[in-house]
Amino acid sequence: MTKLTFLKLGGSLITDKTRPYTPRLDKLAELAAQIAAATHLDPDLRLVLGHGSGSFGHAAASQNWPVNAKWGREDWRGFAEVWYQASALNRLVVDALHSADIPAINFPPSATNQANEGAIGDWYLTPLQEALEAGIMPVIHGDVAFDNVIHGTILSTEDLFFTLAQRLHPQRILLAGLEKGVWADFPARAKLVEVITPESFEAVAAGLAGAAGMDVTGGMRDKVEQMVRLVEQVPGLEVSVFSGEDEGNVQRALLGEAIGSLIRR
């Protein structure tokens with residue numbers, strides 16, 4: 001499939017991660033409008049949209065996620081609460097897409113993934129692929145999943161993109177957050193890393209730090225390292241890490257403009 005792109009709207013972009021359960025509804029509407037404009041300008045663009053859980057899923061996990069190896073009734077209630085909050089944010093994202101006249105269908109990982117020791121195991125992708133072929137935008141998001149070994153786990157959007165990219169071979173993955181890209185000196189933010197390759201990753205890794213606000217799925221270093229491993233496995237794949245806060249950046253990135261930091265082989 002030509003021009004297949006994965007776009008992630010980071011949880012820090014679409015929610016206030018310092019305030020539990022606080023969406024940025026105006027920002028969601030703006031981002032949806034940019035996505036709609038890009039798909040109208042480039043009808044050949046095929047897009048899988050992912051989004052983080054921000055102050056919804058991360059807050060719920062911090063408060064409710066089981067800490068015991070042997071889960072009881074209350075642990076499963078915590079699992080269900082994390083699902084509820086992650087899905088509540090997902091509904092707001094899909095509502096914004098619908099208001100922007102974008103045909104989109106949610107494919108919740110909790111309903112389609114069976115995890116194994118914290119990693120994606122069996123993922124039924126046929127309906128998602130049929131949606132793409134029909135010109136419908138699949139929407140996925142950070143979510144809980146039942147696990148064969150450890151009862152339940154939390155899958156990040158990057159986890160989902162990692163597996164999905166190996167199956168669908170997109171040309172690009174776009175990670176839109178608050179930061180302008182990957183900083184060599186976070187939190188000073190004086191030197192932006194323009195290109196990261198598998199060979200250069202360790203040299204810049206020392207400047208990477210965790211995400212601001214609550215985050216139970218890892219900070220910037222984890223996300224960049226995961227994408228570095230992915231570009232080694234998917235031929236021709238390029239990953240961009242950029243700011244979705246700057247006006248028009250998401251639309252420009254979708255239409256092919258180089259913005260932020262590029263991860264490639």
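**Group meeting: helix and sheet packing**

Let's start with one residue. Leaving aside residues up to four places away in sequence, alanine 86 touches Ser53, Gly57, His141, Gly142 and Asp143. Bear in mind that this is a predicted model.

Where does alanine 86 sit? Its place is in helix H4. At 3% relative accessibility, alanine 86 counts as buried, because the cut-off is under 20%. There is also a link back along the chain. Glycine 54 is 32 residues away from alanine 86 in sequence, yet their C-alpha atoms are separated by 8.5 Å.

Glycine 54 takes us to helix H3, residues 54-64. How many of the 11 residues of H3 are buried? The count is 8, so H3 is mostly covered. The buried ones are Gly54, Ser55, Phe56, Gly57, His58, Ala59, Ala60 and Ala61. What do they pack against? Their partners are helix H1 (11-14), H4 and E8.

Back to H4, which spans residues 73-99. This helix lies across strand E7 (143-147) and E8. Against E7, H4 runs at about 145 degrees.

H4 also has a helix neighbour, H2, residues 25-41. The two axes come within 8 Å. They cross at roughly 50 degrees. That is why H2 and H4 are oblique to each other. The crossing of H2 past H4 is right-handed.

Who meets whom here? From H2 we have Leu25, Leu28, Ala29, Ala32 and Ile35. From H4 we have Leu92, Val93, Ala96 and Leu97. By class, this contact has 9 nonpolar residues, with no polar and no charged ones.

Now the sheet. An open sheet of 4 strands is ordered E5-E4-E7-E8, and its pairing is mixed. The edges are strand E5 (119-123) and strand E8 (151-155), each pairing on one side only. On average, neighbouring strands of this sheet are turned by 45 degrees against each other, direction ignored.

As a reminder, strands of a sheet pair through backbone hydrogen bonds, parallel or antiparallel. Which way do E4 and E5 run? They are antiparallel, and 4 bridges join E5 to strand E4, residues 113-116.

Buried or exposed? At 5% relative accessibility, asparagine 113 counts as buried. Residues up to four places away in sequence aside, asparagine 113 touches Ile120, Asp122, Trp123, Ala145, Phe146, Leu155 and Leu160.

Next, the helix that lies across E4, E5 and E8: H7. H7 runs at about 50 degrees to E5.

H7 (residues 157-168) packs with helix H9 (residues 220-233) too. Their axes are 10 Å apart, and the angle is about 0 degrees. That angle is under 35 degrees, so H7 is roughly parallel to H9.

Which residues form that contact? H7 brings Glu158, Asp159, Phe161, Phe162, Ala165 and Gln166. H9 brings Lys223, Gln226, Met227, Arg229, Leu230 and Gln233. The residues of this contact divide into 5 nonpolar, 3 polar and 4 charged.

H2 with H4: 9 nonpolar, no polar, no charged. H7 with H9: 5 nonpolar, 3 polar, 4 charged. Over to you for questions.

Notes. Residues are numbered from 1 along each chain as its sequence is written. This is a predicted model: local features need pLDDT of at least 70, side-chain atom pairs count only at pLDDT 80 or more; totals for chains, interfaces and linings use all residues. Side-chain values use heavy atoms; hydrogens and water are left out. Axes are lines fitted to C-alpha atoms, for helices over the stretch in contact, and angles run from 0 to 180 degrees between N-to-C directions. Helices (H or I, at least four residues) and strands (E, at least two) are DSSP runs, numbered from the N terminus. Angles under 35 degrees count as roughly parallel, over 145 as roughly antiparallel, 65 to 115 as roughly perpendicular and the rest as oblique. Contact means heavy atoms within 4.5 Å. Ala, Val, Leu, Ile, Met, Phe, Trp, Tyr, Cys and Pro count as nonpolar, Asp, Glu, Lys and Arg as charged, and the others, Gly among them, as polar. Two strands pair if DSSP finds at least two bridges between them. A crossing is left-handed if the near helix is turned anticlockwise from the far one by less than a right angle, and right-handed if clockwise. Buried means under 20% relative accessible area, exposed over 50%, partly exposed in between (1.4 Å probe, protein chains only).
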